Protein chains: 2
Amino acid sequence: MKLATLRNARPDGQLVVVSADLARYVSAGRIAANLQAAMDEWERAAPALAELAAQLDAGAIAGQPFDPALAHAPLPRAYQWIDGSGYLSHLERVRSLKGSKDEELQSVRPLIYQGGSDSLSAPTDPIIVPADDLALDFEAEAAVIIGPVPMGATREQAEAAIRLVTVLNDVSLRRLVVDDLQNGFGFFHAKPSTAFAPLAITPQSLGLHWRDNRLHLPVRVEVNDTLYGQPNAGIGMHFDFADLIVEAARTRALAAGTIIGGGTISNPHDETLPIKRDGIGFACIAEARTAEKAKYGRARTPFLKPGDRVRIGAIDAEGRSLFGDMEQIVQLLDR
Amino acid sequence: MKLATLRNARPDGQLVVVSADLARYVSAGRIAANLQAAMDEWERAAPALAELAAQLDAGAIAGQPFDPALAHAPLPRAYQWIDGSGYLSHLERVRSLKGSKDEELQSVRPLIYQGGSDSLSAPTDPIIVPADDLALDFEAEAAVIIGPVPMGATREQAEAAIRLVTVLNDVSLRRLVVDDLQNGFGFFHAKPSTAFAPLAITPQSLGLHWRDNRLHLPVRVEVNDTLYGQPNAGIGMHFDFADLIVEAARTRALAAGTIIGGGTISNPHDETLPIKRDGIGFACIAEARTAEKAKYGRARTPFLKPGDRVRIGAIDAEGRSLFGDMEQIVQLLDR
């Protein structure tokens, strides 16, 4: 089944079930007021939501036209957002950046950090920055939303806890990464609100696109309608989502509704921007700039500036954006 | 007014108003189902809660006996928990520890980190550790729970957003701090669930104990009934809570219900353990060990081990524990 959260007057929005073709939706309000409430009672809610989805897809329920522009993040606020770093080629490309500490590549245990989860951005929310010189970047990622996981969980427990899959934009202020990491207390100011695609989809409904605890789909990134990349989230993911959950649960339990990101999607190659139509490219600007430095001696691709538009979506073989697109415009904070 | 959350079948517990003398409580369920719901509609909820508190204190409502052992954390799960480091003498004492990056003392801007907030511990929850060799420590802190704060907030906006005050135990696994910080992604495994005192109190109800955006009360720490410290949270707090909120909001808005910790309470002195009855002592073991290394050449005080009991509470001049005590026993994870 495919779930979305529509904006309403409440901070958690309204949970809806969306048809398989993303054309229509029906309110799930009788089952759960919002997605977190459904996560809190998943054993009861999930079968009821699946039944509602089946009725919607069969036409037994007419539903209403689904407009992704009215969608919030699936969880507009969450109790936990943990971002991992599953793709080693991303680490290889950015580790040369000033301030990165991961000089020995982390191939044994994944790096993870605690993200801010109190206000997650809707797919069409602007990216608001407090200044225009902070080296604003996007990071396209796949992510899972999980059920409760006990401290010291096994891979089997971790895998069984994966309830929903989505994609996100881990917005990053590169100029502040150095400060955050050199302070030694970790990412904070460099990581403003993370944005999410409209849809969260069960692994079962993703069919062959979900296997081995990975999302096997290219995630397409366009900036101002120019293709920057379409790396496949299933390729080069050294640590899968079960690995990331196990790592996160080493010293703590994880509550229902925890979001785990897979890290910036990155496939090994030696391209630079602009890429060809069938190229792989990049899911963040920092990687493109590193590749340019290696090839040309200097970075050419600028970071994002106010007015720039970023579109991110996971695309199937028919060109459909399975989770819906994130389409965000950069805005300077109005003080 | 004084608020608490009692355990019930729901993850967010039941919001109650507690009498000024902590003897009785009345359910606030008609005003807000839980504390987060009250934070979401504070302008409506706060006056109603204050009126309920006045009726309870006047005896117009009999209420029921308040048992702190039935209390959850005021917010059993929160959308954001940010810990600051307001006390420079804490940083001075721990910066010599291996793995600390703050060699230049951070006296211009406070250090802050993103904590895990999906499952905050009740005052009497055990501290569960996955192994007994992780150098388990406590950190006694004051904290505030705030209303919404815009990105780029001023000190005035930050101060106005402070709604409730409480105390907490920022449980730390010192042996994992080095890994967390050297990975460069910040605190994660070293910080399992943070525990909270039973009561959250409005600044107004704290009277003279709350001024200059600081809690002016000694916070008493006992381990196995032995006094470890009673530093005053109002002394040596170089960065006050308004400073910490301003710092946290530099590149992001903060949502209602965000918890901000003031950092390990630490007063300048040159004591070592055991302290005299009127001594100041320490609000974490790491500081005590650093003082011992300086004086004796080696640390004497061990970290916590399974079976140890930690009691933490903010104490007024009459010896009353104003927020109620945290009383936690250390347990090894049962795998």
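B:R109 and B:E247 pair up in a salt bridge, with 3.1 Å between the closest N and O atoms. This is a predicted model. The two partners come from distant parts of the chain, 138 residues apart: B:R109 is in the loop between α3 (88-94) and β6 (112-115) of chain B, while B:E247 is in helix α6 of chain B.

Helix α6 of chain B, residues 241-248, is mostly covered, with six of its eight residues buried. Those are B:F241, B:A242, B:L244, B:I245, B:E247 and B:A248. As background, an α-helix has 3.6 residues a turn, so residues three or four places apart point the same way.

The N-terminal end of α6(B) has a cap, and B:D240 provides it. A side-chain oxygen of B:D240 sits 2.9 Å from the backbone nitrogen of B:A242.

## One salt bridge, seen in both chains

Over all chains, the count comes to 46 salt bridges. One of them joins A:R174 to A:E139, with 2.8 Å between the closest N and O atoms. Here too the pair links distant parts of the chain: A:R174 is in helix α5 of chain A, and A:E139 is in the loop between β8 (136-137) and β9 (140-146) of chain A, 35 residues apart. A:R174 is at 14% relative accessibility, so it counts as buried. A:E139 is at 5%, which makes it buried as well.

In chain B, B:R174 forms a salt bridge with B:E139, and the closest N and O atoms are 2.8 Å apart. B:R174 lies in helix α5 (residues 174-183) of chain B and B:E139 in the loop between β8 (136-137) and β9 (140-146) of chain B, so parts 35 residues apart in sequence get tied together. As for cover, B:R174 is buried at a relative accessible area of 14%, and B:E139 is buried at 5% relative accessibility. Back in chain A, salt bridges with shared partners join A:R220, A:E222, A:D225, A:R309, A:R311 and A:E327 into one network.

## How the two chains meet

Now for the interface. On chain A, 54 residues are in contact with 54 residues of chain B. Between them the two chains bury about 4,600 Å², with 56% of that on carbon and sulfur atoms. Which residues of chain A lose the most area to chain B? They are A:Y79, A:F185 and A:F188, together 20% of what that side buries.

On the polar side, 22 residue pairs make polar contact across the interface of chain A and chain B, both residues being at pLDDT 80 or more. The elements of chain A that give two or more residues to the side touching chain B are α1 (35-40), β6 (112-115), β7 (127-129), α5 (174-183) and α6 (241-248). The largest share, five residues, comes from α5(A). By class, that side of chain A has 23 nonpolar, 17 polar and 14 charged residues. How many salt bridges cross the interface of chain A and chain B? There are two. The side chains of A:D40 and B:R77 meet in a salt bridge, at 2.8 Å from N to O.

## Symmetry

Chain A superposes on chain B by a rotation of 180° with 0.0 Å of shift along the axis, and the RMSD is 0.0 Å. That is the relation of a two-fold axis. In chain A, the C-alpha nearest the axis belongs to A:G186, at 1.7 Å from it. Both copies use the same surface, as 100% of the contact residues of chain A recur in chain B.

## A buried threonine

One last stop is B:T5, in strand β1 (residues 2-6) of chain B. With 1% relative accessibility, B:T5 counts as buried. A polar atom of its side chain lies 2.6 Å from the backbone oxygen of B:P74.

Leaving out residues up to four places away in sequence, B:T5 touches B:D12, B:G13, B:Q14, B:L35, B:L70, B:A71, B:H72, B:A73, B:P74 and B:P76.

Terms used: Residues numbered from 1 in each chain as written. Chains lettered and ligands numbered in written order. Predicted model: local features only at pLDDT ≥ 70, side-chain atom pairs only at ≥ 80, totals over all residues. Heavy atoms only, no water. Contact = heavy atoms within 4.5 Å. Buried area = accessible area lost by both parts, 1.4 Å probe. Salt bridge = Lys/Arg side-chain N within 4 Å of Asp/Glu carboxyl O. Polar contact = N/O pair within 3.5 Å; in protein donor to acceptor, adjacent residues only side chain to side chain. Helix = DSSP H or I, 4+ residues; strand = E, 2+ residues; numbered from the N terminus. Nonpolar A, V, L, I, M, F, W, Y, C, P; charged D, E, K, R; others polar. Least-squares fit on C-alpha atoms with pLDDT ≥ 70 in both. Buried < 20%, exposed > 50% of the residue type's maximum accessible area, 1.4 Å probe, protein only.
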